[in-house]
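These are my notebook entries on one structure. I record below what I looked up, topic by topic.

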Amino acid sequence: MIETIAQCVQLLQNGEVVALPTETVYGLAARIDQPKSIQRIFELKQRPTNHPLIVHVANREQLEACVQRISPIEELLISAFWPGPLTILFQKSSTISDSITGGSEWVAVRMPAHDDFREIIEKLKIPLAAPSANAYQQLSPTSAEMVKFYLPGIGENIFDGGKTNYGLESTIVRVIDDTIHILRKGAISKEEIQQCIPIVAIKKSDSSSAKVPGNVYKHYSPRTPLSLFEFSPPVFHHDTTIGIISSQIDHQSLTPHFHWLDFDHLTLTASTLFETIYQFDQKGLKQIYIQKFPARGIGATVNDRLIKACR
Ligand code: TXA
Ligand code: MG
């Protein structure tokens, strides 16, 4: 395990790939100027190379080096949400290689709100490309332990910064013709964006775009089969082989493997959801049933993830 920020910076300096926490989920990071390390990220994740990586910057100067221009609406988004879990697509500059964008002219950039992560980028003086630190289509890790479980290939190159804050990946947007398009739902809800920038239209984008792998058909999946239910799981007797994750406390009588969801505090509940599913994934159950979240605010992001995780 990586013990200190200095050690982490050194490893990245040497071109190694490391798993480290952001405020959303753990990322699998490498310097954007090291093609071999970028390639290693794809290998470790077993991710198709046409699925681009998010570039993480620590300051304005680094952003400007990565992109061609910043529009007024993008400026508004930056001042409202950075540092934080909002990723914005810009036209890339020549600093950004095709291997990072999967050949696209667009680069996804965000400034993470995680002190250690930002300090590491500041010290390195080079932005970091980082997808979530899970194998392709699996559950995104919100703790160092989850990284170890879902991405054993990373070995000891994990910086343990405890549990991540949001527990859901960043929201990805692109501004086209003065409209904000949400390409991936995430830790910042559509309502929050609307509230901060009420004059600008917001659209949901075509969610079948395979270039945003968060949008591919199957994703975020635990190893145990997972099913969504709306009101009650299809379980009629006490059953020790199933798990139930539900807002209704009376479902507790159906299994010893029960986790209660607090729907009065959606953001907090969402932040530990991947972790809870991971814990249930350790139990060797036949099936996990999980209740759909109310569709408001962050609940919309969670449902988007759960539908893909059930496939
Ligand atoms: O919160 C997060 O966003 C985390 C942390 C580590 O920052 N990162 C993350 O990365 O979730 P990843 O690779 O698991 O998901 C990034 C998504 C992918 O669906 C990818 O296709 C999309 O962003 N993306 C990245 N660059 C893009 C680009 N140039 N054009 C379109 N989509 C892009
Ligand atoms: Mg991911």
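Is Gln 137 buried, exposed or partly exposed? I find Gln 137 partly exposed, with a relative accessible area of 23%; here buried means under 20% relative accessible area, exposed over 50% and partly exposed in between, with a 1.4 Å probe and protein chains only.

**Basis.** The model is predicted, and I note that local features need pLDDT of at least 70, that side-chain atom pairs count only at pLDDT 80 or more, and that totals for chains, interfaces and linings use all residues. Residues are numbered from 1 along each chain as its sequence is written, chains are lettered from A and ligands numbered from 1 in the order in which they are written, and side-chain values use heavy atoms, with hydrogens and water left out.

**Backbone entries.** I looked up Gln 137 again for its backbone: phi is near 70°, a positive value in a residue other than glycine. Gln 137 is placed in the loop between β6 and α7 (144-150); helices (H or I, at least four residues) and strands (E, at least two) are DSSP runs numbered from the N terminus. Tyr 220 also has a positive phi, near 55°, and is not a glycine. I locate Tyr 220 in the loop between β9 and β10 (226-229), where Tyr 220 is buried at a relative accessible area of 1%. The peptide bond from Trp 82 to Pro 83 is cis, with omega near -10°. Pro 83 belongs to the loop between α4 and β4.

**Sheet.** I traced an open sheet of nine strands with mixed pairing, in the order β1-β2-β6-β3-β5-β4-β7-β8-β9; two strands pair if DSSP finds at least two bridges between them. At its edges are β1 (18-21) and β9 (201-204), each of which pairs on one side only. Strand β2 (residues 26-31) and strand β6 (residues 128-129) run antiparallel and are joined by two bridges. Ala 30 has Ala 129 in β6 as its bridge partner.

Two helices were checked against these strands. Helix α2 (residues 35-45) lies across β2 and β6 and runs at about 150° to β2. Helix α4 (residues 72-81) lies across β4 (86-91), β7 (171-176) and β8 (179-184), at about 155° to β4. For these angles, axes are lines fitted to C-alpha atoms, for helices over the stretch in contact, and angles run from 0 to 180 degrees between N-to-C directions. Contact means heavy atoms within 4.5 Å.

**Aromatic pairs.** My search of the whole structure gave five aromatic pairs. Rings of Phe, Tyr and Trp (its six-membered ring) pair if their centres lie within 6.5 Å; planes under 30 degrees apart count as stacked, over 60 as edge-to-face and the rest as tilted. Phe 149 and Tyr 150 are edge-to-face, at 4.8 Å centre to centre and 90° between the planes. Phe 149 is partly exposed at 27%, whereas Tyr 150 is buried at 2%. The pair of Phe 263 and Phe 293 is tilted, because the centres are 4.9 Å apart and the planes stand at 55°. This pair links distant parts of the chain, 30 residues apart: Phe 263 is in the loop between β12 (257-260) and α9 (266-271), and Phe 293 in the loop between β13 (287-291) and α11 (298-309). Both Phe 263 and Phe 293 are buried. Phe 149, Tyr 150 and Tyr 278 form one aromatic cluster.

**Helix α10.** I next asked how covered α10 (residues 273-281) is, and found eight of its nine residues buried.

**Charges over rings.** The charged end of Lys 283 sits over the ring of Phe 280, 5.3 Å from its centre. Arg 174 lies over the face of Trp 106, at 3.9 Å from the ring centre. The criterion is NZ of Lys or CZ of Arg within 6 Å of the ring centre and within 35 degrees of the ring normal.

**Cysteines.** I found zero disulfides in the whole structure, a disulfide being a pair of cysteine sulfur atoms within 2.5 Å. Cys 66 is buried, at 1% relative accessibility, whereas Cys 310 is partly exposed at 27%.
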